[in-house]
Amino acid sequence: MKHFDENYTLKVFQDMLAIDSTTGQFRAAQDWMVQEIEHLGYKAVTTHKGGVIVDLGGEGNPLVITAHLDDIGLMVRKINADGTLNVCSVGGLYPFYCVTENVRVYTGDGQVYTGTVCRTPNSVHVTEEELRATLGDFRKNVCVVLDMPVKCAADTRKLGIETGDMIALEPRFTMSGGYIKSRFVDDKACAAVLLNVMKTLKEQGLTLKRKVYAYFAFYEEIGHGTTFLPEGTKDILALDIAPTGPDQNSEEHLVSIFCKDSRFPYHYEMTQELRAAAKRAGVDYVMDVFTPHYGTDGDASVLAGYDIRHAAIGPGTSNSHGYERTHIDGLRNTYELTMAYLLG
């Protein structure tokens, strides 16, 4: 019997959250994923630029199921005269969603320093009107303040910090009433669901109706996570968050089947196959359209020129690219729909 293992899903989700993986900073997360895949009884293959591909078995008409492991974050743009860090975003991170967040700065020689994303000036008590009148802007009035006694740019450079160093945000995972709150639900929660799918297939010896690969990508947040696919791939199914909002059908307890995003519609026939699978399995789902600022790795594969169908599903998630929230039921329904589609 198919089984959503809530404990396993939450454990591997938190394990992945504990590994900073701002886009481009993939090595530690990739090593963890390879180890976990091998623990489940599969063989992992890594790509040259960073990514993990797993053959799940089956024969013919290959399908790739992908979830990404890279996170949005920051990069040191320059060191300010007072020793603070001027930063730029990596992926779609905005100042209003990260000011006051604790961070970790990774230097080129392997040192890690903590700090905080701050407004400049940073005290409402002495600059109240100025702070109220201006929005946060990474170029002008937002910086990272290090938890070190630096007073000038030279002090900061002595620590080994330089332009191009990666900065990761603290995830701050918590769960209450079934609601999961954390940064990087997008997309480590979906990666955890995919691992649960793989665990079930292996433990129960289930037969797939076609060749299936799992693909854990590392560059989705900047648009080229799955621009390489295994030979012969016919379809790609992205597991990614379904943003909630006033004009959206998506809801945190449900799995969404994506009809269209900001680039173009998903393949109509494949989308209808997913809808039929959800109905057969009694999955709690909705159909939804995501515009104007959303895309998945399925789009990247199509834009890379592959002759494939592409579709996407995922749990309803609020506060996307901020301190995100979903529900364990949303992950369960994403798991159930994935299994229903794989097993027919």
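Student: Where does aspartate 71 lie?

Tutor: This is a predicted model, in which local features need pLDDT of at least 70 and side-chain atom pairs count only at pLDDT 80 or more, while totals for chains, interfaces and linings use all residues. Residues are numbered from 1 along each chain as its sequence is written, and side-chain values use heavy atoms, with hydrogens and water left out. Aspartate 71 lies in the loop between β3 (63–68) and β4 (73–79). Helices here are DSSP runs of H or I with at least four residues, strands are runs of E with at least two, and both are numbered from the N terminus.

Student: Is aspartate 71 buried or exposed, and which residues does aspartate 71 touch?

Tutor: Buried means under 20% relative accessible area, exposed over 50%, and partly exposed in between, with a 1.4 Å probe and protein chains only. Aspartate 71 has a relative accessible area of 2% and is therefore buried. Contact means heavy atoms within 4.5 Å. Not counting residues up to four places away in sequence, aspartate 71 touches Ser21, Thr22, Thr23, Phe184, Asp186, Lys188 and Glu221.

Student: How is a pair of aromatic rings described?

Tutor: Such a pair is described by the distance of the centres and the angle of the planes. Rings of Phe, Tyr and Trp (its six-membered ring) pair if their centres lie within 6.5 Å; planes under 30 degrees apart are stacked, over 60 edge-to-face, and the rest tilted. The count by this rule is nine aromatic pairs. One of them is the tilted pair of phenylalanine 26 and phenylalanine 218, with 5.9 Å centre to centre and 55 degrees between the planes.

Student: Why does this pair tie together parts that are 192 residues apart in sequence?

Tutor: Phenylalanine 26 lies in the loop between α1 (6–17) and α2 (27–40), and phenylalanine 218 in the loop between β12 (212–217) and β13 (235–239), so the pair joins parts that are 192 residues apart in sequence. Phenylalanine 26 is buried at 12% relative accessibility, and phenylalanine 218 is buried at 1%. Another tilted pair is formed by phenylalanine 96 and tyrosine 97, at 4.9 Å centre to centre and 35 degrees between the planes. Here phenylalanine 96 is exposed, with a relative accessible area of 65%, and tyrosine 97 is partly exposed at 29%. Ring pairs also link Phe258, Tyr266, Phe290 and Tyr294 into a cluster.

Student: Which residues touch the most other members of the largest nonpolar core?

Tutor: In soluble globular proteins, nonpolar side chains tend to be buried together. A nonpolar core is a set of buried Ala, Val, Leu, Ile, Met, Phe, Trp, Tyr and Cys residues joined through side-chain atoms within 4.5 Å. The largest has 93 residues, of which Ile37, Leu85, Leu195, Met198, Phe216 and Leu237 touch the most other members. Helix α5 (residues 185–204) gives the most to this core, with eleven residues. Neighbours within four places in sequence aside, methionine 198 is in contact with Ile37, Leu40, Tyr42, Val54, Leu56, Ala214 and Phe216. A second, separate core of eight residues includes Val64, Tyr215, Leu229 and Ile236.

Student: At what angle do helix α6 and helix α8 pack?

Tutor: Two packed helices are described by the angle between their axes and the distance between the axes. Axes are lines fitted to C-alpha atoms, for helices over the stretch in contact, and angles run from 0 to 180 degrees between N-to-C directions. Helix α6 (residues 268–281) and helix α8 (residues 328–343) pack at about 110 degrees, with their axes 9 Å apart. They are therefore roughly perpendicular to each other, where angles under 35 degrees count as roughly parallel, over 145 as roughly antiparallel, 65 to 115 as roughly perpendicular and the rest as oblique. The contact involves Met270, Glu273, Leu274, Ala277, Ala278, Arg280 and Ala281 of α6, and Leu337, Ala340 and Tyr341 of α8.

Student: Which peptide bond joins threonine 120 and proline 121?

Tutor: Most residues other than glycine have a negative phi, and most peptide bonds are trans. Threonine 120 and proline 121 are joined by a cis peptide bond, with omega about -5 degrees. The bond from aspartate 186 to aspartate 187 is also cis, with omega near 10 degrees, and aspartate 187 is placed in helix α5. As for phi, threonine 100 has a positive value near 80 degrees, and histidine 321, not a glycine, has a positive phi of about 65 degrees.
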